[in-house]
Amino acid sequence: MRKSRMALAVASAFPVVLGIASAGASSAFAQTADSTSTSTSTSTSTSTSTSTSTTSHAPVKELGVVTITGGQPTSLPTQIPTTIEGVTREQIEHAINATDSEDALKYLPSLLVRKRYIGDYNHAVLSTRASGTGNPARSMVFADGILLSNYLGNGPTNAPRWMLVTPEEIERVDVLYGPFSAAYAGNSVGAVVDYVTRMPTKFEAHGQVSYQHQPFDLYSTNGTYGGKQVSASVGNRNGDWSWFLNFNKTDSEGQPLTFPTRLVSAGTVGNAGTPVTGAVLGNNRSNQPWYLLGTATQYHTQQDHIKAKIAYDFSPTVRAAYTFGWWHNASEGRPTSYLRDANGNAVYSGTVNINGRSFALAPTDFNVSNEDLTHFMHGLSVKSRTQGVFDWEVAASLYDYQTDTLRAATVALPAALNGGAGRIVNSKGTGWNTLAAKGTWRPDGLQGTHIVDFGLQRDSYQLRTIENATTNWISGDAGARNQAFNGDTQLIGLWAQDTWKIAPRWKAVLGARAERWSASNGQTGNATTTLSHPERNETYVSPKAAVAYQASDVWVLKASTGRAVRMPTVAELYQGGISGSGTLINNDPNLRPEKSWTTELTAERDLGNGLLRLTAFFERTKDALYSQTNVLVSPNVTNVQNVDAIRTKGIELSYQAANVFVRGLELGSSLTWTDSKITKNDKFPASVGQWQPRIPEWRATAVATYRPDDKWSYTLGARYSGKQYSTLDNSDPNGFAYQGASRYFTTDVRVRYQITKAVSAAVGIDNVNNYQFWNFHPYPQRSYMAELKVSL
């Protein structure tokens, strides 16, 4: 491709879907380049900047790969011709109402983060092309190469640790679609996300305050919820030393997330119980009539975050870096009853009578809880960046649940507000650690025929969870044990891949990954019994391949394929229960890993002022891991099981361009069609031929940003998702209900003004059209936000 076209391109990673290449983006990368320049690459793209100036760091695109020297290095593999998307710091500031780091992914093709409220620390899971929001273990999230993904389980509570990165830290975000690099474990089958955070080259200081406001009207709840955030950061470079310190505080009120319910048919006809009013009649996700009795799990959360980074350059080509992250969360979950007795008093317990049917309320229907969490993150790396014959890197990380305590009442309101019996769930000692060594060999230099990457990795996960009874759920000591789950998994991976420039117009990447997985120390316990599970060891090999062909100056054709083996998580193996006879129930320590073959075919066209990309993707998965009911045994067993086969195919179209019709107007969009069906499932035949849960047939995004000058920017964005299901047999056709998964169409706006060189302000609205939609929990309704930033 002609270098003159590329002189207009922005830095390394940018969003094809956004198409919001910012003025001066290339030079911004040059300014933030560290002293050990590196080359990073994206394969999808070249956004055109509103600035026509070129720099020595202008990217060069060859065979579908954009290579940039300078800038903070990504942990993603360089020189792989497959789909990589991204977004830069400047683009986030101008076009995205970002209150949490995961908001940076909002408009990228085929991605969805299930964020329920500002500061959602335990349910904001990532969905990708062929993986729904119930499968967070099928994606990988890193910050500067430090693993943030939580592979202790594969449910909604195992969200990546997004809170260890704040939006103000982000330099850019890179996303690699699919398991096409041998450098990553089978969890990369959906996507690999890497947050590249700031590292200063001179003194800098930043401060930000923001306010959020959400009116919320659903069922019999009519209130307002919102939050406040304040952050500050400072950094500098002094000789061979550079450092960066960031502090962030969030005080957030989320909307109600759960609702106590009773099926109308479950009520006993008669006059028994206290007559009450206020219950809301509706249909559940299976279109069965039920009563919604009130709200629960309405969180007030206060979070504090400190991030410290320090780096030392031993030489112009060797750097050591250490990252420390501290995160504390104190949250309260409080319920509200819709039910009222004859005197207008709220009713939380006992037997009630609704329209001539009686229902018994359990003390935990209106659950009351407090959480106290303190997590630590450490990352240490030493790497060389010579861009010569050989480069190397050694890196280690640790994520530690230093304090992780949930206290919940088992007595009913209103008495529970003053204490009383409850339970304590303690996960102290849970966490994960990683160790990796990798190298890059360029026998003929950077522009040679072969570039070989290789490495050795060890990832280890530890789950330590115990639940005890307590006489006072607010402040009491732990009493008798209710249940406990322990277990370890470890993955050792040896990998290599060769980037081979076959001919001037051809480039290929061939690789393989060998993995040794083990599970040990597995225990499942109840109040009186502990079952220990035998150790497991298994070995798998996953080949990878990609090829790119420069068909003409403006067309690039690419193909990628790869195998991914996603190992069972500790919770999937061991977090279950024990029957009264001492038999293991609700979990299976003999689960097989998921095995997927994924392929994508891509055609890219350089439009001069942007890029058009069409990608066809295909995936076949054997032994997919889902919770389901095994109807082949009696009595039926419901737990995480292997689903025999799932087939996914789809097409992804993305377009982005700058200076469309008028200078400063940037347009972008993406459209994804997916057909994801269960093709074999002997344990649950009713699911065969049905849609894979949480994978809609259609998804789309669109965004337009207009920057008439260097002061103002105006953005309008939209997101759409079609009908989807939450159950394997698709027996939940009503997505617009509590526990359902609905279609949605939302629009967002943002206006930003650069008041002075150092001060900027922005206002925005998410979900302008106030669309009410669901992903088990209700998503936020129309939300307003305002922010003020100062940068020195």
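These legends go with close-up views of aromatic contacts and salt bridges in a predicted model. Residues are numbered from 1 along each chain as its sequence is written, and side-chain values use heavy atoms, with hydrogens and water left out. Since this is a predicted model, local features need pLDDT of at least 70 and side-chain atom pairs count only at pLDDT 80 or more, while totals for chains, interfaces and linings use all residues.

**View A. Tyr-219 and Trp-774 make a tilted aromatic pair.**
A search of the whole structure turns up 30 aromatic pairs. Here the ring centres of Tyr-219 and Trp-774 are 6.1 Å apart with planes at 40 degrees, so the pair counts as tilted. (Rings of Phe, Tyr and Trp, the last by its six-membered ring, pair if their centres lie within 6.5 Å; planes under 30 degrees apart are stacked, over 60 edge-to-face, and the rest tilted.) Tyr-219 is in the loop between strand 11 (204-218) and strand 12 (221-238), and Trp-774 is in strand 43 (residues 774-775), 555 residues apart. (Strands are DSSP runs of E, at least two residues, and helices are runs of H or I, at least four, numbered from the N terminus.) Tyr-219 is partly exposed at 29% relative accessibility, whereas Trp-774 is buried at 5%.

**View B. Asp-100 and Lys-115 form a salt bridge.**
The N to O distance in this one is 2.8 Å; the structure holds 38 salt bridges. (That's a side-chain nitrogen of Lys or Arg within 4 Å of a carboxyl oxygen of Asp or Glu.) Asp-100 sits in the loop between helix 3 (89-95) and strand 5 (112-113), and Lys-115 in the loop between strand 5 and strand 6 (126-127), so the pair ties together parts 15 residues apart in sequence. Asp-100 and Lys-115 are both buried.

**View C. Arg-237 reaches Asp-313.**
The closest N and O atoms of this salt bridge are 2.6 Å apart. Arg-237 lies in strand 12 and Asp-313 in strand 19 (residues 294-315), so parts 76 residues apart in sequence are tied together. Asp-313 is buried, with a relative accessible area of 2%.

**View D. Glu-332 meets Arg-334 in a salt bridge.**
The N to O distance is 3.9 Å. Glu-332 is partly exposed at 38% relative accessibility, and Arg-334 is partly exposed at 22%.

Key. Buried means under 20% relative accessible area, exposed over 50%, partly exposed in between (1.4 Å probe, protein chains only).
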